[in-house]
Amino acid sequence: MVNAITIEREFGCGAPEIAGLVASRLGWNLWDERLTQEIARLTESTPEAVERREWRTDPLVYRLFQDFLRGGFEGGLPPTNRLHFLDARRIAAVSEIAVKTAISSGPSVIVGRGSQYFLRNRKDVFHVFLYASRDHKIRRMIAQGATQNKAIEQVDTTDKARAAFLRQYLGLKWPGSDLYHAMFNTEMGESCTATMLVECVKQFERDAGG
């Protein structure tokens with residue numbers, strides 16, 4: 001019996017919409033923005049702050065500032081353990097807790113946040129990777145209102161940042177095809193991709209006798 005689907009994805013390929021369709025068709029919980037909210041709760045931060053730092057390595061200046069603060073003070077400022085730093089290392093540490101909170105909530109579709117890695121040893125989880133060509137992702141971002149320059153910048157940098165984060169904090173090579181049961185090119189359309197994904201999960205359950 002499959003109790004969760006994890007969806008890792010390339011930026012701009014339509015994963016949020018596809019995840020929403022899959023969750024709706026199965027009647028399952030959707031953990032996407034909800035995961036960001038849970039990470040914010042666990043880090044005593046805000047969803048907006050988490051989104052700015054989520055799955056990105058810390059810039060050198062930011063890391064140096066933190067090292068300066070962690071060096072201690074002669075007086076006047078609170079100990080660093082009372083300052084709620086929201087750095088990449090802290091996000092990595094609480095993401096596993098958030099993902100396990102998600103799966104404990106009942107049948108769920110979980111988007112990103114290392115869920116394919118944190119739940120890799122569970123037999124009741126189906127892991128999926130979504131991708132598309134660079135041109136398709138850029139066109140899709142523009143269709144959603146992004147400028148051409150912004151779309152190109154986001155498509156060309158977001159996944160590189162995600163890969164660097166996973167390499168530095170989880171020791172993973174992104175995307176790591178060995179972690180997934182299936183990989184889909186989303187250029188076939190969101191509805192079609194969602195349909196194929198659901199059918200794969202159902203077939204997986206039948207093959208497993210669940």
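A: Let's start with Val109, a residue of strand 3. Strands here (E, at least two residues) and helices (H or I, at least four) are DSSP runs, numbered from the N terminus. Before going on, please note that this is a predicted model, in which local features need pLDDT of at least 70 and side-chain atom pairs count only at pLDDT 80 or more, while totals for chains, interfaces and linings use all residues. Residues are numbered from 1 along each chain as its sequence is written, and side-chain values use heavy atoms, with hydrogens and water left out.

Now back to our residue. Val109 is buried, with a relative accessible area of 0%; buried means under 20%, exposed over 50%, and partly exposed in between, using a 1.4 Å probe and protein chains only. Along strand 3, Val109 and Val111 point one way, Ser108 and Ile110 point the other way, and all are buried.

Who surrounds Val109? Leaving aside residues up to four places away in sequence, Val109 touches Ile5, Ile7, Ala19, Val22, Ala23, Trp28, Asn29, Leu30 and Trp31, where contact means heavy atoms within 4.5 Å. Gly27 is 82 residues from Val109 along the chain, and their C-alpha atoms are separated by 9.9 Å.

Next come the partner strands. Two strands pair if DSSP finds at least two bridges between them. Strand 1 (residues 4-9) is joined to strand 3 by 4 bridges in the parallel sense, and Ile5 stands opposite Val109 there. Strand 2 also pairs with strand 3 in the parallel sense, over 3 bridges, and Trp31 has Ile110 as its bridge partner in strand 3.

Stepping back, we can see the whole sheet: it is open, has 5 strands in the order 2-3-1-4-5, and its pairing is parallel. Strand 2 (29-31) and strand 5 (182-185) stand at the edges with a single partner strand each, so one side of each has no neighbour in the sheet. On average, neighbouring strands of this sheet are turned by 20 degrees against each other, direction ignored. For such angles, axes are lines fitted to C-alpha atoms, for helices over the stretch in contact, and the angles run from 0 to 180 degrees between N-to-C directions.

Finally, a helix joins the picture. Helix 2 (residues 33-42) packs on the sheet and touches strand 2 and strand 3 (108-111), with its direction making about 60 degrees with that of strand 2.
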